[in-house]
Amino acid sequence: LGCNVLDSAINYRCQRSERAIGAALSALFAEGVFRREEIFVATKGGFIPFDGAPPGNPVDHFMSTFVQPGIVQPEEIVAGCHCMTPKYLAHQIDLSLSNLGLACLDAYYLHNPETQLQEISREEFLKRIRAAFAFLEEAADQGKIRMYGTATWDGYRNHSRSRDHLMLAELIQTARDIAGSRHRFRIIQLPYNLGMPEAYNERTQQVDENWLSTLAAAEEYGLYVMASASILQGQLSRELPQELREVFAGLHTDAQRAIQFVRSTPGMGTALVGMKRVEHVEENLAAASVAPLSSSQFLRFFGQE
């Protein structure tokens, strides 16, 4: 139906998400349905994953799986669930590649790195980001990933004074300090939808002397943007205002209209939607049969001209 982006994370469904995608890709590659370069596969690391199902004793699982083998030290864990040290990320990337049956990931995200700011200072956070980015540049040099980025929930949406706010300028400068203009920090992900429009209409990012929205700042830095939660976990798949039916002519369901809003937003690259039923896949991807609104149309209905 035209969708070629697959987005996962190692902790989704206790690694079963990655493994299901890997099984499907393996079969389809073997059948010659499509070539590897036609599919964009992204996953994330940072949260401590279980293996197949939640264990009876999570502490014992954590100690035997990560601490005793020397993959992490307890003091490197934040909020009881998050780590982004180079040694840990190296382990997680290799495990994701195995789960997905791939030699290289198209994009690898640090998963909600703002979680770290719950417990550490911003100065320490930036040190950890620098170490993580340096490792990810090495992973790119080794051909394990094509690019890396940050997949966030609150980091780019919250006000700049918020403790967990992420400033793109700091992250870009860190990547440039490590690898110059050839750095592979090229992509970000954040929630964006009709109910969470901050990426478009809140000026949370400082670029030089100007305050811009996250989407505008990403464009300035040449970052590709993916929107998570395009239909807000299904909440936007019903009971949308009548006016939206007129704006998005040619679409038949509220889920399609919500997706089209994201696809039409200037600066947005990809609208991600979680789907677990074939009929949902067919319904949602039918939105792609209708062209997104033009920039002028979007501004007329949703923007600030």
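These legends describe close-up views of one predicted model.

**View 1. The whole chain.**
The predicted chain holds 11 helices and nine strands. Its C-alpha atoms fill a box of roughly 60 × 55 × 40 Å along the principal axes. A compact globule of 305 residues would have a radius of gyration near 19 Å. The chain has 20 Å, which agrees. Of its 305 residues, 47% count as buried. The chain exposes about 14,600 Å², and carbon and sulfur atoms supply 49% of that area. Take the contacts between residues at least 6 apart in sequence: 74% of them join residues at least 24 apart.

**View 2. The open sheet.**
Seven strands form an open sheet with parallel pairing. Their order is β1-β2-β3-β4-β5-β8-β9. In general, strands of a sheet pair through backbone hydrogen bonds, either parallel or antiparallel. Which strands stand at the edges? They are β1 (5-7) and β9 (270-271). Each has a single partner strand, so one side of each is left without a neighbour in the sheet.

**View 3. Strand β3 and its residues.**
Strand β3 covers residues 107-111. Five of its five residues are buried, so the strand is largely enclosed by the rest of the structure. Buried here means under 20% relative accessible area. A107, Y109 and H111 point one way from β3. Y108 and L110 point the other way.

**View 4. The partners of β3.**
Strand β2 (residues 40-45) pairs with β3 in the parallel sense, over four bridges. In this pair, K44 stands opposite Y109 of β3. Strand β4 (residues 148-151) is also joined to β3 by four bridges, and these two strands run parallel. Here L110 stands opposite T150 in β4. How does the chain get from β3 to β4, and through which helix? The chain crosses through helix α4 (residues 122-141). This β-α-β crossover is right-handed.

**View 5. The largest nonpolar core.**
This core has 73 residues. Which members touch the most others? They are V72, I145 and F185. Helix α4 gives the most to this core, with eight residues. Now look at I145. Not counting residues up to four places away in sequence, I145 touches I93, C104, L105, Y108, L136, A139 and A140. One of these, Y108, belongs to the residues of β3.

Y109 is one of the buried residues of β3. Y109 also stands opposite K44.

**View 6. S96 in helix α3.**
S96 lies in helix α3, which spans residues 86-100. Is S96 buried or exposed? S96 is buried, because its relative accessible area is 0%, and the cut-off for buried is under 20%. What does S96 contact, leaving aside its neighbours within four places in sequence? S96 is in contact with I10, E18 and T43.

Key
Residues numbered from 1 in each chain as written. Predicted model: local features only at pLDDT ≥ 70, side-chain atom pairs only at ≥ 80, totals over all residues. Heavy atoms only, no water. Buried < 20%, exposed > 50% of the residue type's maximum accessible area, 1.4 Å probe, protein only. Pairing = 2+ DSSP bridges. Right-handed = clockwise from strand over helix to strand, strands pointing away. Rg over C-alpha atoms; globule rule 2.2 N^0.38 Å. Contact = heavy atoms within 4.5 Å. Areas by Shrake-Rupley, 256 points an atom, 1.4 Å probe, with all protein chains shown as cover. Core = buried A, V, L, I, M, F, W, Y, C linked by side-chain atoms within 4.5 Å.
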